[in-house]
Amino acid sequence: MKALTAGATIGILGGGQLGRMMASAAAQLGFDVSIYCPEHDSPAARVSASHALGAYTDIEALLDWAEGCDVVTYEFENVPVEAAKALIDAGISVRPGSQPLEVSQDRLVEKSFLRDCGIETADFAEVNSAEDIAEPLNRFGGSGILKTRRDGYDGKGQVRLETGDDFEAAHKALANAPCILEAMVPFEREVSVIIARDAVGDMLCYDLPRNEHVNGILKRSVVPSNLNEDVTKRAEAAAEALANAMNYVGVLALEFFVLEDGTLLANEFAPRVHNSGHWTPEACATGQFEQHIRAVAGWPLGPVTRYHDIEMLNLLGEEALVPPDVLSVDGVLTLYGKREAKPGRKMGHLVRRRS
Ligand code: AMP
């Protein structure tokens, strides 16, 4: 695919806040954005040049929509693999492709792929019924997390387990779905690598944020993470290996647990811009949304120089309903335009400079 020029149309599968922020960045670079998603009134469609409503499984509608796009990307990892493959088979450029979806949608496949790339993860075991839990849980030292292989996000689809718990009930709470059991990791901190890879394979990593989760949901990212240089370099090298293994084009986030002794265990990756990178537009020469658009448009990456120390706070549920002048008094406020503030729902974020 030739590099796109201003006026070209970038198609985005998905209508959430990530699509909204990608669309705004694309508009600034002179592109039109067209959103495809099944939801009416989506945050992304409301800031884009055009949109089409349709199911991701409606291949005919998808192909129809994609005819008007010069390249197609996605803003969430649960786009059906078949949808991406159908577009590719029809000759449409889909960046970053279908493999990142295939790998990241299933925790068992994902963890195995990370290991194949030479990236360490927590110990894990496949669980198809409650009987599969006792042996690995014992082997992991008696505590672990049962996670559905598919469709879990923001701490959903997970149950913490200890030896002696009712495994039947735990698996039932996850609808007896195919799962993995992960060893509980006694991490000292969590960090992520936000990496961008362009169409010719050049890569850049943003400074690593340190991430704080509450109930499995990201609450705060702080930069710098104050990790030592050796650990930082190892984390970046892992993200580079992962991006190369998939011939990835765009922005990707790889999340890590960091142990006291500097051991890095990858938790998961997101084949898209990431919540823990929401501070980059305010703190860096090129923000992650612009960076992703540059990459999928076939442009060279922009510099990721960070100008100052920064923190990003997620506004969940009703937190985002506080008057904006209170929230933004010493920071930059972004609200996603969601019409309903459900508890725990990501409604916006606040980026504050740290001195
Ligand atoms: P996940 O949905 O896998 O990203 O998990 C959400 C959050 O739950 C992580 O960011 C951690 O804070 C916590 N968590 C997940 N897996 C583990 C684990 N194996 N050990 C300890 N904490 C975990």
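What follows covers the nonpolar cores and the ligand site of this predicted model. Residues are numbered from 1 along each chain as its sequence is written. Local features need pLDDT of at least 70 and side-chain atom pairs count only at pLDDT 80 or more, while totals for chains, interfaces and linings use all residues; side-chain values use heavy atoms, with hydrogens and water left out.

On to the cores, meaning sets of buried Ala, Val, Leu, Ile, Met, Phe, Trp, Tyr and Cys residues joined through side-chain atoms within 4.5 Å, where buried is under 20% relative accessible area (1.4 Å probe, protein chains only). The largest one holds 58 residues, and Ile10, Leu13, Phe31, Trp65, Val72, Leu87 and Trp279 touch the most other members. Helix 1 (residues 17–28; a DSSP run of H or I, at least four residues) gives the most to this core, with 6 residues. This core lies between domain 1 (9–94) and domain 3 (189–353), because both give residues to it; the bounds come from an automatic or database domain assignment. A second, separate core has 26 residues, including Leu227 and Phe269.

Polar contacts here are pairs of N or O atoms within 3.5 Å. A polar side-chain atom of Lys147 sits 2.7 Å from a ligand oxygen atom, and a side-chain N or O atom of Gln158 is also 2.7 Å from an oxygen atom of the ligand. From Ala183, a polar backbone atom lies 3.0 Å from a ligand nitrogen atom. The protein covers 95% of the 480 Å² of accessible area (Shrake-Rupley, 1.4 Å probe) that the ligand has on its own.

Methods. Buried < 20%, exposed > 50% of the residue type's maximum accessible area, 1.4 Å probe, protein only. Helix = DSSP H or I, 4+ residues; strand = E, 2+ residues; numbered from the N terminus. Polar contact = N/O pair within 3.5 Å; in protein donor to acceptor, adjacent residues only side chain to side chain.
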